[in-house]
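The exercises below concern a pocket, a helix and an interface. Work each one before reading its solution.

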Amino acid sequence: MIAHLPALQVIIPLVSAPLCALLPAGRAVWLAAMTASWLAFLIAVLLLDRVLAHGPISYLMGGWPVPWGIEYRVDALNAFVLLIVAAIGAVVITFGREIVERRIRLPESKQSWFYTAYMLCLTGLLGITITGDAFNVFVFLEISSLSSYVLISIGRDRRALTAAYQYLIMGTIGATFILIGIGLLYVMTGTLNMGDLAARIPAVADTRTVHAAFAFLTVGVGLKLALFPLHLWLPNAYAYAPSVVTAFLAATATKVAIYVLLRFFFTIFGSEFSFETMELDRVLLPLALVGIFSASVVAIFQTNVKRMLAYSSVAQIGYMILGISLVSVTGLTASISHLFNHALMKGTLFMALGCVSFRVGAAKLDRMAGVGRTMPWTMGAFVIGGLSLIGVPLTAGFVSKWFLVVGALEKGWWPVAVLVLVTSLLAVIYVWRVVEVAYFKPAPEGQAPREAPLALLVPTWALALANLYFGLDTSLNAGVARLAAQGLLGVGQ
Amino acid sequence: MAILGLYNYWIFIILMMCGFYVVISSGNLVKKLVGLNIFQTSVFILYISMGKIIGGTAPIIVDKAVVYSNPMPHVLILTAIVVGIATTSLGLALVVRINEAYGTIEEDEIHAQDREEAL
């Protein structure tokens, strides 16, 4: 059983998806989806534990040897990402039942399909992360993307439909670019296994085909991870999707895309080719900086709080890309650690917003007047998430910001370090706008929303407390991240 | 001759660009999907071409066959074709729902309605 953990990681959520479709709406289907998600989380914990103790795990699907069969390969980096995805998947589905039953545009008879789409999306994201086969990445990418288009489109606002459509167009272009890139690599190397690709690319690296593959992969993955200026699908998709879906996607989907970027550029192409021959950092660095700054500014002017946090996500993705473009152990540690921390903070914030809109009806700023006093627990979690987003010491967000600033200073790029600090102040502004309205504006006459139900509050607070816990105990979000960064750059452990 | 020999790849690039152009330039949601389809189909041609070996036969063990075409890209692209069908059907389903909600499938008219609603 233990030996088959890598396969079970993907198979359990995959099998639960059709099972959910067969179950009647209500408690049963929710329990089934929740059980599968928590099992996936348990497996992710076990995998990370084994990887840390015994080194990378290689699993051959169906026992086929490597060049022919598909290999699942788990090292410190993807065990860490698997843990993030599975943890958020499990927490959000625990949170989701009330929202699914009352706040999405699906008749009760069709609510089971929500869980099917959710589990498929989780399967896809876990699959992308665990696989060691380049084409398999594309297949899982499409599984997760197609199901996420469905999940976004069931938001109550009709603009959810156009947002899902726009995401479908952009996402498919991105995925097709990735497909072209993988195809061109196959032409030159005759293999799809990531380890084999890494071994064979250096011999043919100086050809136009490999350069074109590199370009297609960069743009394709850039679209999926919402790299500025390819982020245009993201704000609408996050703003109009049901809050369960936003919390899940914001905390996992873009993180997995960043993981794909790391895997392709560091493991497959190798950092020397990506950053010395192709000089990718010269493209990523300015895009990251412009993205962080402009998205933070735009976030300040939003009146829909979900949309504001969506723009903030674009900025946060910029921080991760900035860490990557430093091409140092510290920079990569910052990025990988931020994958984890950002999942925690955005998960908390979007789930708290889900609680607010559950009672108030919409995540609009003016509708939130006075909710700080009527829904103290919800807004308490929101404030913790907000502090973590800003990067206040003793929260998880501080850990990655710290590494990022140190990484920039190591390179002597003090203007970059200053910009990171200045944009953190911009985050203070947009978080403060919500806090001000929620705590200091009087609630409108006759509107006194009650506190959110416990079923929503408990998962929200679990994530909020995790923000505080991982701000103090950094062995996971900094320790494992550093290990993964060292693994990517191939320096001694 | 080199250019003629790479005939398939030229078709791939031309189709890809045509499809991509339609996706970007067209304001009609169905036409965008048609463009997306052409765009994806071009990649199928890329994969199918790369498996072909001149003089190669189908990868079946028969007498006299010496050179075989590579079946691997063909198998891969079968998966991508299925993905393409799923994408198209989901896209069309979304267009139907958009048409129900907005009464139009023209991008500019949808934007205009959204702007009015925002005011």
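On a 1 Å grid over the protein atoms alone, a pocket is an open set of points where a 1.4 Å probe fits, with protein on both sides within 12 Å along at least five of seven lines; lining residues have an atom within 4 Å of a point. The model is predicted: local features need pLDDT of at least 70, side-chain atom pairs count only at pLDDT 80 or more, and totals for chains, interfaces and linings use all residues. Residues are numbered from 1 along each chain as its sequence is written.

**Exercise 1.** State which residues lie nearest the centre of the largest pocket, and which helix gives the most to its lining.

Solution. The lining holds 28 residues, and Thr162(A), Gln166(A), Asn236(A), Glu107(B) and His111(B) lie nearest the centre. H6(A) gives the most, nine residues; helices are DSSP runs (H or I, at least four residues) numbered from the N terminus.

**Exercise 2.** Check the span of H6(A) against its residue count.

Solution. H6(A) covers residues 159–189, which is 31 residues. The expected span is 1.5 Å times one less than the number of residues, so 45 Å; the end C-alpha atoms are 45 Å apart, which agrees. After the helix comes Gly190(A), with a positive phi near 70 degrees.

**Exercise 3.** Describe the contact between chain A and chain B.

Solution. Counting heavy atoms within 4.5 Å as contact, chain B contributes 37 residues and chain A 29 residues. The buried area (accessible area, 1.4 Å probe, lost on being put together, summed over both parts) is about 3,000 Å², 79% of it on carbon and sulfur atoms.

Terms used
Chains lettered and ligands numbered in written order. Heavy atoms only, no water. Helix = DSSP H or I, 4+ residues; strand = E, 2+ residues; numbered from the N terminus. Buried area = accessible area lost by both parts, 1.4 Å probe.
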